[in-house]
Amino acid sequence: MWRVLVCSAVAAGAVALLLSEGEAAFAQKDDKSKKDKVSGTIEFKGEAQFEANTVARVTLQDVSLADAPAKKVGEQVIKDLKKFPIPFEVEYDPAAIEKGHTYAVQVRIETKDRLDYINDTRVEVISSGKPSKDVKVPVIRVKK
């Protein structure tokens, strides 16, 4: 009889342990799926008309390495553009952010693979006290 009680207690303990490990793994998975974001507006001084298929591509990049391509950390594609300022919100995985690195937002506004607007100045975000909210990204019109 005591063997049955001991075996039952051991089995109950094993089930409880498995359940708690499962909950911990689930909680870790939820934490990993959490995203941070950089948000703000794309700004242009002047009037602008957008065609129906014009899109804005806002990219968050690691621009730390000189003389090397920037590494994409997050991106948002915005369709149905109406007028400036254009609000954006780029999600990214906070685990991808490395201490000591520099991050910047790049904006390209294109119509049928034709570049119409681009930011010509680096807009740093996230690291070294740079903002992640209310970021203003000025763009210029590309000459045709």
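This is a predicted model: local features need pLDDT of at least 70, side-chain atom pairs count only at pLDDT 80 or more; totals for chains, interfaces and linings use all residues.
Visitor: Let's start inside. How many residues are in the largest nonpolar core?
Guide: That core has 26 residues. I42, F84, F88 and I109 have the most contacts inside it.

Visitor: And which elements give two or more residues to this core?
Guide: They're strands: β1 (36-43), β2 (54-62), β3 (71-78), β4 (86-92), β5 (103-111), β7 (123-125) and β8 (135-138).

Visitor: Pick F88, then. What does F88 touch, leaving out residues up to four places away in sequence?
Guide: There's a run of residues from V38 through S39, G40 and T41 to I42.

Visitor: Switching to Y103. Where is Y103 found?
Guide: Y103 sits in strand β5.

Visitor: Is Y103 buried or exposed?
Guide: Buried, because its relative accessibility is 0%, and the cut-off for buried is under 20%.

Visitor: What does the side chain of Y103 do with its polar atom?
Guide: A polar atom of that side chain lies 2.7 Å from the backbone nitrogen of E98.

Visitor: OK, charges now. How many salt bridges does the count come to?
Guide: Seven. In general, side chains of opposite charge can pair when their charged atoms come close.

Visitor: Which residue forms a salt bridge with K37?
Guide: E89 does, with the closest N and O atoms 3.6 Å apart. This pair links distant parts of the chain, since K37 is in strand β1 and E89 is in strand β4, 52 residues apart.

Visitor: How accessible are K37 and E89?
Guide: K37 counts as partly exposed because its relative accessibility is 43%. E89 is partly exposed too, at 38%.

Visitor: What about E110, which partner does it have?
Guide: R108, with the closest N and O atoms 3.0 Å apart. E110 counts as buried at 13% relative accessibility, whereas R108 is partly exposed at 27%.

Visitor: And E124 with R122, what's the N to O distance there?
Guide: Their side chains meet in a salt bridge at 2.9 Å. R122 has 52% relative accessibility, so it counts as exposed, while E124 is partly exposed at 27%.

Visitor: Last one. Which residues are linked in a network of salt bridges?
Guide: E51, R114 and D116 are linked that way.

How values were computed:
Residues are numbered from 1 along each chain as its sequence is written. Side-chain values use heavy atoms; hydrogens and water are left out. A nonpolar core is a set of buried Ala, Val, Leu, Ile, Met, Phe, Trp, Tyr and Cys residues joined through side-chain atoms within 4.5 Å. Buried means under 20% relative accessible area, exposed over 50%, partly exposed in between (1.4 Å probe, protein chains only). Helices (H or I, at least four residues) and strands (E, at least two) are DSSP runs, numbered from the N terminus. Contact means heavy atoms within 4.5 Å. A polar contact is a pair of N or O atoms within 3.5 Å; within protein, one must be able to donate a hydrogen and the other to accept it, and residues adjacent in sequence count only if both atoms are side-chain atoms. A salt bridge is a side-chain nitrogen of Lys or Arg within 4 Å of a carboxyl oxygen of Asp or Glu.
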